[in-house]
Structure formats: C-alpha cells, structure tokens
Amino acid sequence: MGYWAPFEQFSLEKAREKKETPLYTCAKLEEILRAYHVQFAPLEEKYRYIDSEMELDLEVAGCPLPVRMKVDLVLEDMELNKLAVFEFKFSTSLWRFVDDPNDQGVGYAIGASKKLGREVERIVYHISEVKVSSREGIVPAKKKGDPGRSIFKRSIIDLDPWDVEEWQEDLRMKQIELSQYELEEYWPKRTRSCSDWGGCVFAPLCTAPPQMREMFAQANFQVGGSDE
Ligand code: SF4
C-alpha cells in the first residue's frame with residue numbers, strides 16, 4: 001500500500017502498526033480532520049466564507065518596517081454580523097500557547113481589517129495537541145475510568161479597540177528596539193526560542209566563543225540575498 005489509499009481502504013490501526021512515518025503522518029492528519037469535523041462542524045453553520053491565505057504587508061504609523069503576514073482564514077458570523085480570523089495551532093507542547101494576549105492573532109485581525117476594509121473583531125483559535133497516544137481525537141486520561149479529553153480546544157477572543165491600539169504601540173517599541181540593535185551592530189541572544197521548532201539551527205554559533213563565530217559562520221552557513 002502506498003502513502004495514499006482510497007479512503008475506504010485506509011486503516012488508522014494498520015498505519016499505527018506499520019509505523020511508516022509518512023503513512024503514520026497521514027493517519028494522524030486523518031484523525032485531526034475527523035476530530036475537527038465531529039467537534040466543530042455543527043458550530044460552523046452560522047459562519048460564511050470571506051477569504052483565506054491572505055498575504056499582506058501591514059503598514060503601521062510610526063513603524064519604519066511593514067509587517068508581512070499570511071492570514072489563514074476569515075469567516076463571518078452571520079448571527080452576530082461579525083468578522084473573525086480563524087487560526088489553527090498544532091503542537092505537542094500547547095501548554096506554552098497563550099491565546100490572550102497573542103501578538104500574531106491581533107496582528108492578523110488588524111491586517112485582515114485593513115485589507116477587507118471592514119473590522120475583524122474576533123479571533124477563533126483551534127488549538128490541537130498532536131499526540132502519539134491519542135485515538136479517534138481523544139487523548140487518553142491518566143486516571144482509570146476518566147473518559148479522556150479531546151485533542152482540540154476552541155478559544156474565542158473578542159478584541160477591544162484598546163487591543164488594537166496597544167498592539168500597534170508594542171510593535172512601534174519593538175521596531176525601535178530592533179533599530180537600536182542594528183545601529184549598535186549587536187544582536188542579543190533570545191534563548192527562549194532556542195528549542196522551538198525542533199531547535200534553532202544557529203545554536204552552534206551562539207554557543208561558540210565570540211572570536212570563533214565569524215569563522216564558524218563562514219564555514220557552515222551561506223549568506224542569503226534578496227530576490228530583488
Ligand atoms: S540559538 Fe537561535 S534562538 Fe537561541 S539565541 Fe541563538 S539565534 Fe537565538
């Protein structure tokens with residue numbers, strides 16, 4: 001059997017037994033889609049599609065650089081007449097995810113508002129814990145008799161005008177900070193990010209003595225250029 005099989009022939013259990021990585025990944029994806037459908041499809045009836053994969057450069061007053069972003073999905077809640085950014089987060093360490101305040105979500109809502117010419121007042125996060133141990137969208141409980149919990153959590157954040165104002169001010173301050181690093185030609189380490197996304201590729205540089213870094217960088221990295 002290849003990586004893809006006709007839907008009716010697909011067996012999640014067989015994929016698990018075989019432990020073939022791509023097939024296993026497909027099996028997990030199927031589990032995620034089914035779990036999403038079971039849990040949220042009835043709730044989606046009240047939404048209508050507005051736009052998706054919106055790529056944009058958001059200009060903010062007082063910020064020298066635009067913010068480049070791609071907004072996954074914007075839907076309209078037809079009962080409330082409200083636009084919402086839908087965001088999907090998948091991770092094995094979701095306990096680290098903070099939905100409010102969330103820099104990315106607020107930025108997406110502001111960017112989408114500007115592009116659509118209409119205010120996006122809500123962010124709907126779908127936070128999914130991708131677990132090896134989950135079955136049919138349920139993470140088994142540690143205690144016997146406990147039914148376990150869904151791999152999905154939906155979290156709805158309604159934005160106030162002050163969220164939008166504060167995000168823009170935060171961004172302005174962040175850009176001032178960055179220009180200062182550029183001016184001084186000194187970039188402090190951000191060690192909270194070192195282990196994210198499977199580990200930062202620059203870790204060998206950061207742990208090398210300063211006098212070795214240039215040589216180490218020349219030998220191991222290629223300097224990227226712009227397409228322009
Ligand atoms: S290893 Fe990566 S994330 Fe960590 S401080 Fe160095 S550059 Fe930053």
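What you have is a predicted model, in which local features need pLDDT of at least 70, side-chain atom pairs count only at pLDDT 80 or more, and totals for chains, interfaces and linings use all residues. Residues are numbered from 1 along each chain as its sequence is written.

Let's start with the layout. The chain has 6 helices and 7 strands, where helices (H or I, at least four residues) and strands (E, at least two) are DSSP runs numbered from the N terminus. Going along the sequence, they come in the pattern α-α-β-β-β-α-β-β-β-β-α-α-α. Of the 228 residues, 13% count as buried; buried means that 20 or more other C-beta atoms lie within 10 Å of the residue's own, exposed means 12 or fewer, and partly exposed is in between, with C-beta atoms placed from the backbone. As for contacts (C-beta atoms, placed from the backbone, within 7 Å), take those with a separation of 6 or more: residues 24 or more positions apart account for 60% of them.

Now for the inside. In soluble globular proteins, nonpolar side chains tend to be buried together. A nonpolar core here is a set of buried Ala, Val, Leu, Ile, Met, Phe, Trp, Tyr and Cys residues joined through C-beta atoms within 7 Å. The largest one has 18 residues, and V74, A84, V85, A109, A112, V120 and I123 are those with the most contacts inside it. Two or more residues each come from β2 (67–77), β3 (82–91), α3 (103–116), β4 (120–129) and α4 (161–184). The biggest share, 5 residues, is from α3.

That makes α3 worth a look. This helix has 14 residues and reaches 20 Å from its first C-alpha to its last, close to the 20 Å expected at 1.5 Å a residue; the expected span is 1.5 Å times one less than the number of residues. Its buried residues are G105, V106, G107, Y108, A109, I110, G111 and A112, and their cover includes β1 (47–58), β2, β3, β4, β7 (152–158) and α4. Take A109: setting aside neighbours within four places in sequence, it touches V85, V120, I123 and L159 by the contact cut-off. Just after the helix, G117 takes a positive phi of about 70 degrees.

Strand β1 is another story. None of its 12 residues is buried (the number is 0), so it lies largely in the open. It pairs with β2 in the antiparallel sense over 10 bridges, pairing being at least two DSSP bridges between two strands. Across that pairing, E55 stands opposite K70 in β2.

E53 sits in β1 and is exposed, because it has 8 other C-beta atoms within 10 Å. Its C-alpha is 5.8 Å from that of K70, 17 residues apart along the chain. E121, in β4, is buried, because it has 20 other C-beta atoms within 10 Å. Beyond neighbours within four places in sequence, E121 is in contact with K82, L83, D158 and L159.

Around it are K189, R190, T191, S193, C194, C200, F202, A203 and C206, a residue being near if its C-beta atom, placed from the backbone, lies within 6 Å. This shell divides into 5 nonpolar, 2 polar and 2 charged residues; Ala, Val, Leu, Ile, Met, Phe, Trp, Tyr, Cys and Pro count as nonpolar, Asp, Glu, Lys and Arg as charged, and the others, Gly among them, as polar.

Key:
Contact = placed C-beta atoms within 7 Å.
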